[in-house]
Amino acid sequence: MSARASWDEYFMGIARQVSTRATCDRKYVGAVIVRDRFILATGYNGSINGLDHCDEVGHLMVDGHCVRTIHAESNALVQAARNGVRIEGSCIYVTASPCFNCFKLIANAGIKRIVYGEFYRDQRVFDFAAQLGIELVHLDMSKLEELTSRPAPIDKS
């Protein structure tokens, strides 16, 4: 019998599901903010509320980056703020490591732990996280793939 998912695997699986709502096909990213094993907010990369999305009108490229979208981490932080949810001391699960701008927002929001699936372009995040005492954890996504592809348990009732 396979072991069940760890809490990190569980919440990263939810972040992966959240990423399916992303509207910029350059990278589908999902984020979940958690404290004490309760989900506080989620976010995915997509356009500003009320404006067209990349998957509708195309990308708005500047210096090799699509600037039409707001990153998943930022959207999760905004969702928490809009709903009056305190996130200080929480953990954020992100399917890709935060860019430097998102990292700065995460740090200033008081999030103390970042669990990410794949590395995404900015080594500075790791240097600053170490200075700030923010824990960065890389989660091996292959274990998550294995857990999500296993057959459902048989109901013996």
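## Ser19 and helix H1

Ser19 is in contact with Tyr28, Val29 and Gly30, leaving aside residues up to four places away in sequence. This serine belongs to helix H1, which covers residues 7-19. Ser19 is buried, because its relative accessible area of 11% falls under the 20% limit for that class. The model described here is a predicted one.

## Salt bridges

Side chains of opposite charge can pair when their charged atoms come close. The structure has four such salt bridges. In one of them, Arg113 meets Asp8 with an N to O distance of 2.8 Å. Arg113 is in strand E8 (residues 113-118) and Asp8 is in helix H1, so this pair ties together parts that lie 105 residues apart in sequence. Asp8 is buried, at a relative accessible area of 15%.

Arg113 also forms a salt bridge with Glu135, at 3.2 Å from N to O. Here the linked parts are strand E9 (residues 135-138), which holds Glu135, and strand E8, which holds Arg113; the two residues are 22 apart. Glu135 is partly exposed, with a relative accessible area of 42%.

Another salt bridge joins Arg124 and Asp122, at 2.6 Å from N to O. Arg124 is partly exposed at 42% relative accessibility, whereas Asp122 is buried at 10%.

## Helix H3 and its packing

Helix H3 spans residues 72-82, and its buried residues are Ala72, Glu73, Ser74, Ala76, Leu77 and Ala80. An α-helix has 3.6 residues a turn, so residues three or four places apart point the same way. The buried residues of H3 pack against strands E1 (30-35), E2 (38-44), E6 (69-70) and E7 (91-96), and against helix H4 (100-108). Just after H3 comes Gly84, which has a positive phi of about 65°.

## A negative patch on the surface

Which residues gather in a patch of negative charge on the surface? They are Asp25, Asp52, Asp55 and Glu56. Asp52 sits in the loop that runs between strand E3 (46-47) and helix H2 (54-57). At 44% relative accessibility, Asp52 counts as partly exposed.

## Val62 and Leu132

Val62 is part of strand E4, residues 61-62. Its relative accessible area is 41%, so Val62 is classed as partly exposed. Between the C-alpha atoms of Val62 and Leu132 there are 31 Å, and the two residues are 70 residues apart along the chain.

Note on methods
Residues are numbered from 1 along each chain as its sequence is written. This is a predicted model: local features need pLDDT of at least 70, side-chain atom pairs count only at pLDDT 80 or more; totals for chains, interfaces and linings use all residues. Side-chain values use heavy atoms; hydrogens and water are left out. Patches are made of residues with over 30% relative accessible area and no salt bridge: like charges are joined within 9 Å, nonpolar side chains (Val, Leu, Ile, Met, Phe, Trp, Tyr) within 5 Å. Accessible areas come from the Shrake-Rupley method with a 1.4 Å probe; for residues, only the protein chains shown count as cover. A salt bridge is a side-chain nitrogen of Lys or Arg within 4 Å of a carboxyl oxygen of Asp or Glu. Lys and Arg count as positive and Asp and Glu as negative; His and the chain ends are not counted. The place of a charge is taken as NZ of Lys, CZ of Arg, CG of Asp or CD of Glu. Helices (H or I, at least four residues) and strands (E, at least two) are DSSP runs, numbered from the N terminus. Buried means under 20% relative accessible area, exposed over 50%, partly exposed in between (1.4 Å probe, protein chains only). Contact means heavy atoms within 4.5 Å.
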